[in-house]
Amino acid sequence: MNELEDIKLKALLQGMKLDSPEPNFSVRVMNKIFEESTALERIKSEKVLGKGFWIIMILFIALLAMVFFMQNTGTQPDGQLQSILPKMNSGVLESYDSFFSKLGSLPLAVGAIMAAFSVLIFLDRFISSNSKVFAY
Amino acid sequence: MEQKDDIYYIEKVKAGQTNYFSYIVEQYQDIVFSIALKVLKNRTDAEEMAQESFIKAYKSLHTFKGSAKFSTWLYRITYNNCISEVRKRKIHFASTDDIEIRDETTELNLDGIPEENRAQAVKKALAKLPEEEYTLVLLYYFEEQSIEEISRVTRLSESNTKVKLFRARKKLYSILSEMMKDELYTIL
């Protein structure tokens, strides 16, 4: 194919009118884009995780931290506990000791499983709430 | 100039002025629609596909860095969309070997052929090309894209693009020569 043939082809093709979509095509495309933009803005402005979830989460993390602390240090020595809570009566102190001695004896693996479980729930909830954002 | 205009509108859209995207749609709707129509062979489906391509381009606009022409980037989205749809629907692309390419073609004689007939003949000739060759020829002649840009759109290697484009041009020239010869006989 020589240069002249190429020029002829180019001239012919550039003089050609391409097929066009319906006259309101660009309006339809823009309407669709505006719809999707609005939907995206709404998703972005929605709070993914509510206040209740965060309170439960903080309490749960605090509990886990306590379990971990008890696992490593055992129960509070009586003297130390007395200094922290000097005015408590002996019944309350006994219950307190009993509860934490049981909690402290939980194996570390149970704590780890609980922590992993809560993280998975958190991730699942976060991803499913953001699925539209991720898809976008 | 065209490139500068595109960048101007794109920056506006990126800055949150979504309505500026309509300039992009207006400018490229014909070629995007033509590629989709050639592949899907149905106006309704082609319009849907073209619309989908523009929306996809809008959504991914933040990833467009401007290192290549915007049109190349948009055609790549369109072409990929079309290929995916074809695979989904299990439509077979026309074989490139259906049309015979002669070594010695008749010279393309346009003398005495009215402009309108020429345009019709070009459309008919293009319609005979398989989808891939049609896209290559359209981008090369109509959009004046370089081999490098076309290879980015079609994801073919540059050497493969060159070979396929040469073949498509030769084939188109051959078809047109025959058509114009017949046309000339009709007029005379």
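Me: Which residues of α2(A) meet α3(B), and what do they meet there?
Reply: In this predicted model, A:Phe25, A:Arg28, A:Val29, A:Lys32, A:Ile33 and A:Glu36 are the residues of α2(A) that meet α3(B). Their counterparts in α3(B) are B:Glu47, B:Gln51, B:Phe54, B:Ile55 and B:Tyr58.

Me: How do the residues of that contact divide into nonpolar, polar and charged?
Reply: The contact of α2(A) with α3(B) has six nonpolar residues, one polar and four charged.

Me: At roughly what angle do the two axes cross?
Reply: The axes of α2(A) and α3(B), the latter being residues 43-59 of chain B, cross at roughly 45° and come within 10 Å. Because angles from 65 to 115 degrees count as roughly perpendicular and those under 35 as roughly parallel, α2(A) is oblique to α3(B).

Me: Left-handed or right-handed?
Reply: The crossing of α2(A) and α3(B) is right-handed.

Me: Stepping back, how many residues does each chain give to the contact?
Reply: Chain A gives 28 residues and chain B gives 31 residues. On the side of chain A that touches chain B, α1 (3-14) and α2 (25-45) each supply at least two residues. The largest share of that side, ten residues, comes from α2(A). By type, the side of chain A comprises 13 nonpolar, five polar and ten charged residues.

Me: New topic: B:Arg152. Buried or exposed?
Reply: B:Arg152 counts as buried, because it has 20 C-beta neighbours inside 10 Å. Its place is in α7 of chain B, residues 147-154.

Me: What does B:Arg152 touch, leaving out residues up to four places away in sequence?
Reply: B:Arg152 touches B:Ala68, B:Thr72 and B:Arg76.

Technical notes:
Residues are numbered from 1 along each chain as its sequence is written. Chains are lettered from A and ligands numbered from 1 in the order in which they are written. This is a predicted model: local features need pLDDT of at least 70, side-chain atom pairs count only at pLDDT 80 or more; totals for chains, interfaces and linings use all residues. Two residues are in contact if their C-beta atoms, placed from the backbone, lie within 7 Å. Helices (H or I, at least four residues) and strands (E, at least two) are DSSP runs, numbered from the N terminus. Ala, Val, Leu, Ile, Met, Phe, Trp, Tyr, Cys and Pro count as nonpolar, Asp, Glu, Lys and Arg as charged, and the others, Gly among them, as polar. Axes are lines fitted to C-alpha atoms, for helices over the stretch in contact, and angles run from 0 to 180 degrees between N-to-C directions. Angles under 35 degrees count as roughly parallel, over 145 as roughly antiparallel, 65 to 115 as roughly perpendicular and the rest as oblique. A crossing is left-handed if the near helix is turned anticlockwise from the far one by less than a right angle, and right-handed if clockwise. A residue is buried if 20 or more other C-beta atoms lie within 10 Å of its own, exposed if 12 or fewer, and partly exposed in between; C-beta atoms are placed from the backbone.
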